[in-house]
Amino acid sequence: MSHVGIILRRELGSYFATPLAYVFIVIFLVLAGAFTFYLGGFYERGQADLEPFFTFHPWLYLFLIPALSMRLWAEERKSGSIELLMTQPVTLWQAVLGKFLAAWLFTALALALTFPLWLTVNYLGHPDNGAILAAYLGSLLLAGGFLAVGSCMSALTRNQVVAFILAVVVCFAFLLAGFPLVLDVFRAWAPQPLLDAIASLSFLAHFDAITKGVIDLRDLLYFAMLIGFFLLATTIALELHKAD
Amino acid sequence: MIKTEHLSKRYDELVAVDDVSFQVGPGEVLGFLGPNGAGKTTTMRMLAGFVTPSGGRASICGHDVVEAPLAAKASLGYLPEGAPSYGEMTVRAFLHFIADLRGLSGARRAQRLTHVIEHLQLQEVLEQTIETLSKGFRRRVGLAQAIMHDPPVLILDEPTDGLDPNQKHEVRTLINTMAHDKIIIISTHILEEVDAVCSRAIIIARGRIVADDTPAGLAARSRYHNAVSLRLENAAQLAAARAAVAALPGVAEVELSEREARLTALPRPGAMVLPEISALANRDGLSVQDLHLESGRLDEVFRTITA
C-alpha cells in the first residue's frame, strides 16, 4: 500500500476513534436538513429539486469544514507527533495529501448520508437526477476547496482555535470574492484586471455554476487548482515551520 | 556509519548547533551529553531528518540526510524526545501503522511485530489507547516504533527521561542487547547512564562539542581520578589523619567530610597514592571502615567542561 493510503487510513480511523466523526456527521445532517426545510422552503416551493438543499452548503461548510480541518496539522504540531511522522520514510507531500484526502473522504461520507433527501425528492416528483448528481459533485468540490484552505491554515499554527478562525476568515473571503464586501477592499487601489481576477476566484460563482447542472471544465479546473495551490502552500508552511 | 561534518543550525540570531563533526561506527553506543538547551535535540533532529541543517552535512549509512532523506530515514530508527505518538490509537493499531509505513509485509511484518511486542513487553497493553498508558509504557511504545524495521542505526532522544529506576534498568538492558551490531546514539543528562550503556561520550555545550572520549577517559579528566577515599570509624581521628595524609608527597589536596567521617586525598597528576595511604593507615592505627580508589567523578567533569 502506498504511503498516502497508509496515512489516509490512519487518519480516517482516528476520526472514528474519537467523538469527532459522530458529532460532525450528526450536526451536518441536522443543520443541512433544518436549512433545507425551514430556510429553503423545500415543501412550499412545490418543485421536485434539491436546490434549497444545496444553496446553503457554502454557509454550512464555512463553519463546519474549518472545525474539521483545524486539527489536521495544528494537533500534530502541538502533540509533537509530527516529529514521529516526519522521521518515517514518507515525504511531506505524501503526508499532506494523505491527511487531506482522509478529511475529504470523510466529508464525502457525511454528504452521502444525506441520501434520504434524494430519495424523498424522487418519491415526491420527477427531479432531474443528472443535475442533482452534478450538484453533489459541486458540493464535494467546494468542501475540498474549504478543506485545502483549512489544511494550510492549520499548518500555520499549533493552536487549533487560531487555525479555525483563520480558516473561517479566508474561506469567507473566497466565498464572497465576487461581492462588494470583498471587492471594495481592493477597489480603492487595485487596477480593474486585478479586480476581475479576484472576482473570478469566488467559490460561490463556481459552485453555483455546477449546482445548476452544468459541469464546465473551467469550474472543475478552478477547484482542482485551488486545492492543489493550498496543499502546496501547506507543504511549504510545514517545511518552514514543522520543528518550531 | 553516522557521519557529520561541520553541522550547524542557526535560528535567526541564535546558534543552536555550531560546527559539529563526528563519526560513529557499528558497535558503538554514543552518549550525547550536555546541559539543557545545549543543542543535543537539535543535532539529533538534524540526523533524523526533522530539522534541516543551516550548514554542513550529515549522513546515515552513506545517505545524506538532506539529499537522500528517504534512504537515510529508512536506515534509521528514531525516538523523539518525550516519545510523542497518536494518543487516540491503540498500541496494536499504532504498531501496525508504523510497520506499514516502514514497508514491512507478509511473514516479515508478522515476525517483526511479534518481536517488538515481546521484546518490549507490550502484550498486556496492546488493546489500550496510547493516551491511557503510563509514561513507562509510552516510552516502550516509542522504542518499539523505533526498532520496528530492525534498523542499523538507532537515535534515541532521552530514552530514560522520567522513568522509574526499574524502567530505566529495562531500557538500558534493551540498549545493551542491541549494542553489539548497531550504531546507537542516545542523549541524556543522566551521567550514570553513560557508564551503564555508552562506549563513548560526546559532551556538547552551547552548540559545540567540548569533549569526545570514552566514559573512562572522561572520568580520568576529573580531579578525583585516582583519588583515595577513606572513611574512619571514629571522627575524632579525622584531624590527625588529615595532617598525616596531606604530608604524603603524592597528595595534592585533602578534602574532609565531617558528617560522613570521610577523608578524600586528591593525588598530584600521575601520582598513585593508594599504597602509601593504606600503609599510613596501618602504621598510625586508624580504624578504617572503607577505603577505595575513585575512578573520577563524571558530574564534576561535566560541570567543569560545560560551565
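At what angle do helix α7 (residues 92-112) of chain A and helix α14 (residues 217-241) of chain A pack, and how far apart are their axes? This is a predicted model, in which local features need pLDDT of at least 70, side-chain atom pairs count only at pLDDT 80 or more, and totals for chains, interfaces and linings use all residues. Residues are numbered from 1 along each chain as its sequence is written, chains are lettered from A and ligands numbered from 1 in the order in which they are written, and side-chain values use heavy atoms, with hydrogens and water left out.

The two helices pack at an angle of about 130°, with their axes 10 Å apart. α7(A) and α14(A) are therefore oblique to each other, a word kept for angles that are not under 35 degrees (roughly parallel), over 145 (roughly antiparallel) or 65 to 115 (roughly perpendicular). In the contact (heavy atoms within 4.5 Å), A:L92, A:W93, A:V96, A:L97, A:F100 and A:W104 of α7(A) meet residues of α14(A), among them A:I227, A:L231 and A:E239. The residues of this contact between α7(A) and α14(A) divide into ten nonpolar, two polar and one charged.

Turning to the cysteines, the structure holds zero disulfides over all chains, a disulfide being a pair of cysteine sulfur atoms within 2.5 Å. For A:C152, which is in no disulfide, the nearest cysteine sulfur is that of A:C171, 11 Å away. A:C152 counts as buried because its relative accessibility is 7%, where buried means under 20% relative accessible area, exposed over 50%, and partly exposed in between (1.4 Å probe, protein chains only). B:C61 is likewise in no disulfide, and the nearest cysteine sulfur, that of B:C198, is 19 Å away; with 29% relative accessibility, B:C61 counts as partly exposed.

Conventions: Axes fitted to C-alpha atoms, helices over the stretch in contact; angles between N-to-C directions. Helix = DSSP H or I, 4+ residues; strand = E, 2+ residues; numbered from the N terminus. Nonpolar A, V, L, I, M, F, W, Y, C, P; charged D, E, K, R; others polar.
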